[in-house]
Amino acid sequence: MTQLFIDGQEVILSEQFELELITENPYFTRKGEYTYDIDIDLRNPNNRMIYQHINRSDVTKTFKNRKAVLLSGPVEIISGIEIILSIESNIAKIQIVAGNSQLNYEGGDTNIRSLSFDSISLSSEEAIQTLLGTFPKHHSVYTPVITGVDSDNNTSVLNKVQVGEDISFTDSSNISPQYYLMYVVENLMQKLGFVKGLNELENDPVWCRTFIVNPYKDVALQELLPDWTINEFIEQVELYLNCIISIDRQSQRFDIVDMNEYFANTETAYLDDVVDDSVEKTYDVDTNYAFSYKNVSYDLPGDSYYNYVKLKDGVRKSCTVVTSEEWDDFKADYDTYYSGPYLLHSEDFNLDYAVTSYPLSSGEQKGLIIVDRFKDAGDPDARDKSSFKIVPAITEDNEVYSMTGGRFIYGPAVKKIRAEKSNAINDLISGSGDTEDIPDKLYIGLYYGICKGLNRGPDEYPGEYWDKMPMSSNDRYFMNKPSSNYGTQNILTLPDYSLILDGDNGLFNRVYKNKRVIDTSVEYHFRFLVNEVYELNRLFMIHNKKYYCKEMRYTVHPQGIDKVAEGVFYLAE
């Protein structure tokens, strides 16, 4: 016997009712479990009480997110939330969604900037402690961020520090958190009503250091996010982090699961009673949700900085590449390399460079700039490609004063210019003062911790931090700009974490290329006998062959689940 309970109260179902239950695998579709329409007869006194005469014109009350459980005897068919689709005369049409389908419903088309996240505000003493760890120990980090540059190339820095015997802020009133991306994702899920479970990425050496760049002293967390819907944000996070946010339909627990581990160590279900089977070949697979990583790229802005870190198509082919054992061998021929189509490559760091001109207070000075670190990775001829709207922020030189060393030391810091609102009358009239920072991408950096800076000098000075400073960047290799302050250029090598895509330790080789290869061009449809609703994060054995399941469809009658269900599968071997 089939029974429906709404917030623990049994709804009387029609004796002729029939509905379809669909369970989809979020690995392939980002959906979970849901039913098609269920008709509730409001002429039944019991149902009228549960729905409180919602069909009457003078009743304006609505219901949202009531618990809905559909049972077949002791077997739970689906447990989720009720969605009232419409009221037609004496019939209430409802739908039940659960798991990842509930997540999609809760997110919907709501703009993520309209949510109220849990912002963070720490004392200066507490904020300094965040520099000594990463996520999940800390939800944010107070690392220096460059927020402005004036006409003389002087920088404004948020969270500016000084070092020596210890680390302290130069202005404790000018500090602000840089929120870890993992914290933002977890906080979003909790705001949607889900309970934190397992986060398989929280100890990943890159993702635990990845933060959203915040150039503002006083701003709500949500105002740092792009103009995306909640579902768009979740989709971009899952795509970039190569993960699935999986919702348990019974406990409402969310797990952040490494996509490469989704089918690892799972049980095998044996479907022995196959009724019928047929094969349908599909050649136009929807790769929007079935993420493909055969070729990956950043959807970078068109700013000058990004034109260097990712060369435009055709630039490399138009250049002569000059190779040398060491990077500083090129200095003698800067004028030649500056005026001609030359790319330079050094074998010591395996980096590419161009000679450019740096504006200094004393005039222009030529120097090297590292190029093409954020080029695409993977097969350039691949049909299926993924482009990330979560992108690395600009990185520039940051100076920190060493009180015991008596000098400035240097290292990288991420940069995001604050949008300043002008109240000058002419700006108000022209509208040029209405600058609101609503990004179309999510700008991130990596926190590298407390690292030794440049310009340390040959001598030793007292203090644990005399030659160290907190550093953030987008890559492990940092080359300072030449300047009259600290002379020639140097390359600083940070710990081996990076947001680059290509290369031995780029994200493509470390994360994306390991995605399980599943041929989705052929869908196998099977009809089989069932006595339960299957979990889909497992392998299925059918006719002595292993399959992954994309979706299953069940028919439910007053007597319970129909004995025959249908599934769509992909061959695993």
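A salt bridge, as I use the term here, is a side-chain nitrogen of Lys or Arg within 4 Å of a carboxyl oxygen of Asp or Glu. By that rule, the count comes to 28 salt bridges. What you see is a predicted model, in which local features need pLDDT of at least 70 and side-chain atom pairs count only at pLDDT 80 or more, while totals for chains, interfaces and linings use all residues. Residues are numbered from 1 along each chain as its sequence is written, and side-chain values use heavy atoms, with hydrogens and water left out.

Let me begin with Lys93 and Asp39, which form a salt bridge whose closest N and O atoms are 2.8 Å apart. This pair links distant parts of the chain, since Lys93 sits in strand β8 (residues 91-98) and Asp39 in strand β5 (residues 38-41), 54 residues apart; strands here are DSSP runs of E, at least two residues long, numbered from the N terminus.

How accessible are these partners? Buried means under 20% relative accessible area, exposed over 50%, and partly exposed in between, with a 1.4 Å probe and protein chains only. Lys93 is buried at 19%, whereas Asp39 is partly exposed at 37%.

A second pair is Lys217 and Asp218, with 3.2 Å from N to O; here Lys217 is partly exposed at 36%, and Asp218 is exposed at 66%.

Finally, Glu33, Glu76, Arg249 and Glu535 are linked in a network of salt bridges.

Notes. Helices (H or I, at least four residues) and strands (E, at least two) are DSSP runs, numbered from the N terminus.
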